[in-house]
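Work through the exercises below with the sequence and the coordinates at hand. Each task is followed by a stepwise solution.

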Amino acid sequence: MSTTGSRAAALVPAFTAPDVRVTRSRRSTVWVAAVAVVLVAVLAYLPYLVYSGTTSLLVNVFILMIMASMWNLLAGYAGLVSVGQQGFVGIGAYAVVVFAQHGVDVFVALPLAMLVSGIVGIPVWWLLRRLRTAYFAIASWVVASVLAAIVTSISSLGSGTGISLLPYLNFSATLLGAITYWAALTVLVAALAAGYLLLRGRGGLVLTAVRDDEIAARSAGGRVGRVQRLVFVVAAIGCGGAGALLAISQIFVQGSNVFNVSWSAEMIFATIIGGIGSIEGPIIGAIIYYVIYETLGNYGTWYFIVLGVIAMAVAIWARRGLWGLVADRFNIRIFPVGYYLWPRADMVPAASVPPGPVPGTPVPPPAAPAASPSPAGEELGADGG
Amino acid sequence: MIWVNDIIQGILLGGLYALFACGLSLMFGVMKVINLAHGDLAVVAAYVALGVIALTHIPGVWSFVLVVPIMAVGGYFLQRTLIQASLERGTITTLLVTFGLSIVIETVLLQFLSANSHGIPDGSFGTASFSIGSQISIGWLDLIILVVAVTVLLVLQFYLSRSRNGRLIRAVADDREAAQLAGADYRHIFGIAAAIALGTVALAGVAYFGMYSQFDPTIGTGQLLLYAFEVVVIGGLGSLWGTLAGGIVLGVVQQIGAQIGGAAHPDYQFLAGQLVFLAVLVVLPQGLTGIRRTA
């Protein structure tokens with residue numbers, strides 16, 4: 001693209017207004033939004049239709065989707081490979097316990113726990129902000145185990161033996177299951193919306209650039225540090241929410257469980273298999289995770305071995321995961337966060353599409369390839385690893 | 001006097017930590033790979049040692065004679081297959097693949113060998129000690145392990161600076177393309193470096209689980225990898241003597257933490273090391289001996 005641009009610039013001495021129209025998607029996204037609304041509505045109605053076994057399984061699926069989406073924002077976009085997100089899972093879970101002990105309803109405590117987790121995320125980011133790759137991974141892991149050591153040494157939280165939420169849950173079992181399910185669905189929708197808006201907004205362009213090359217993004221003037229901090233805190237809030245949901249759905253909180261590094265393993269495996277660097281990937285990965293879990297659940301920990309081996313193979317041979325394969329093959333984007341440039345000659349009547357500058361639009365090349373619309377932002381260095 | 005004893009025990013432990021970490025440091029220095037499965041490979045070495053002892057009935061402390069070459073050969077093949085494939089695809093892929101490997105090793109060991117703790121039998125020699133004054137008691141085996149650790153670091157230093165393969169390893173670490181133009185097969189050299197790394201980690205694993213600690217499948221990810229990385233960071237990457245210094249700092253700090261925590265807070269031992277590690281990352285990111293700019 002740059003060579004075409006520079007050659008064209010050489011032919012046309014003065015820079016004229018670009019003859020392109022910019023859209024976020026190749027097709028209209030109205031039907032995608034409609035399907036999404038219907039899907040969420042159906043999922044919300046589900047507790048009236050199915051047994052509680054199904055909804056409690058779905059709660060676990062939603063929790064993994066939340067965690068994986070958060071890890072994907074960190075590693076897939078912000079270039080921060082964290083192996084320490086279990087620290088925030090544990091903080092979220094124990095925060096619910098603390099609020100419940102002070103008389104707060106657990107479902108009111110859920111958003112408060114997310115807030116606490118986000119607040120804890122700020123000093124942690126300050127500690128980790130200059131580290132990258134393996135340093136960041138292991139330092140975040142160490143921070144998580146320090147958080148675990150601090151929290152599990154507090155005797156009012158049951159020290160290492162754990163603590164039950166049962167005294168604070170004044171619901172019938174059915175109602176508790178249903179409300180937990182709705183809470184999990186709400187947090188999931190909020191997490192996906194947050195990730196989507198983050199990537200659609202001004203910071204999204206910086207994040208996509210960081211995904212492809214952090215140093216280049218910095219030298220192009222992107223405010224990389226600020227966006228990375230935002231993503232880190234958002235991921236802390238999301239993982240805190242997942243931990244709080246975990247506490248409520250399991251009714252029992254134990255440090256060696258909620259602070260376990262296997263949460264990081266789960267979110268990493270799900271994200272890699274589904275497709276790192278896309279919003280759709282972690283969702284699909286979490287579904288695959290539970291399909292394999294349910295299939296091999298009777299054979300001990302084999303499901304986890306199989307998932308780990310698949311994740312390693314995908315990381316090496318299909319780096320954008322299953323969704324990457326599907327999206328490239330059929331050119332689908334459910335969550336369009338890139339940009340498409342359309343030459344004016346092909347422009348459809350202006351009424352159907354709002355023209356005008358989009359915030360954060362990249363400066364398009366003076367002449368876009370004439371024949372076909374060229375997918376710009378989305379395709380640039382799309383092999384995000 | 002009790003503090004002097006802690007410092008001496010910390011130094012003895014630190015030699016072993018340095019032995020743990022030198023493989024991690026070597027692999028990072030040569031291949032720019034941080035092997036997140038490093039700790040689990042030490043646990044694998046310990047299980048191999050149990051198998052070797054059961055089959056050959058050699059005394060526990062001598063099992064390393066067979067375990068080290070077995071793990072070294074394994075390391076060569078691991079490097080030539082999985083790690084080579086992932087490092088050709090970038091740093092993040094290497095991290096994710098070695099993390100996956102770590103989790104898979106741990107889960108496989110749990111699935112087949114249960115979560116039971118084991119120890120490598122070290123016989124009566126393991127508890128023999130001599131005393132200085134009334135409060136300081138030094139185990140003979142601890143002292144021998146420190147001497148072995150320092151000797152291994154010396155040999156490794158000598159090997160890297162003088163031998164033909166050592167020169168090749170340094171050449172490939174400095175400039176892979178230039179070394180390849182000069183005729184070095186960098187993949188083979190990487191394999192040799194990984195073999196050395198796994199050989200040292202096997203030696204450290206046998207010594208550590210014979211002397212200081214029981215082992216089970218989960219100890220590799222939770223503790224050993226973090227110890228090794230903490231040693232490397234405290235000491236500064238790419239320097240073998242920095243690794244020794246880092247190991248001793250971590251060992252002494254952990255002993256002091258254990259002394260402060262006492263029986264009521266056994267986890268203060270790990271917490272003390274981790275806090276020092278985080279402090280070094282913030283204040284002195286290049287470590288005690290760091291002169292190289294690290295990524």
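This is a predicted model: local features need pLDDT of at least 70, side-chain atom pairs count only at pLDDT 80 or more; totals for chains, interfaces and linings use all residues.

Residues are numbered from 1 along each chain as its sequence is written, chains are lettered from A in the order in which they are written, and side-chain values use heavy atoms, without hydrogens and water.

**Exercise 1.** Determine how helix 2 of chain B and helix 4 of chain B are arranged.

Step 1. The axes (lines fitted to C-alpha atoms over the stretch in contact) of helix 2 (residues 38-56) and helix 4 (residues 91-113) of chain B come within 9 Å and cross at roughly 30 degrees.

Step 2. Angles under 35 degrees count as roughly parallel, so helix 2 of chain B and helix 4 of chain B are roughly parallel to each other.

Step 3. Contact means heavy atoms within 4.5 Å; among the residues that meet are Val43(B) and Tyr47(B) from helix 2 and Ile105(B) and Leu109(B) from helix 4 of chain B.

**Exercise 2.** Find which residues have the most contacts inside the largest nonpolar core.

Step 1. A nonpolar core joins buried residues (under 20% relative accessible area, 1.4 Å probe, protein chains only) of the kinds Ala, Val, Leu, Ile, Met, Phe, Trp, Tyr and Cys through side-chain atoms within 4.5 Å.

Step 2. The largest has 209 residues, and Phe62(A), Met31(B), Phe99(B), Tyr208(B) and Phe209(B) have the most contacts inside it.

Step 3. Helix 8 (residues 186-211) of chain B gives this core its largest share, 18 residues.

**Exercise 3.** Is Ser52(A) buried or exposed?

Step 1. Ser52(A) lies in helix 3 (residues 52-77) of chain A.

Step 2. Its relative accessibility is 53%, and exposed means over 50%, so Ser52(A) counts as exposed.

Technical notes
Axes are lines fitted to C-alpha atoms, for helices over the stretch in contact, and angles run from 0 to 180 degrees between N-to-C directions. Helices (H or I, at least four residues) and strands (E, at least two) are DSSP runs, numbered from the N terminus. Angles under 35 degrees count as roughly parallel, over 145 as roughly antiparallel, 65 to 115 as roughly perpendicular and the rest as oblique.
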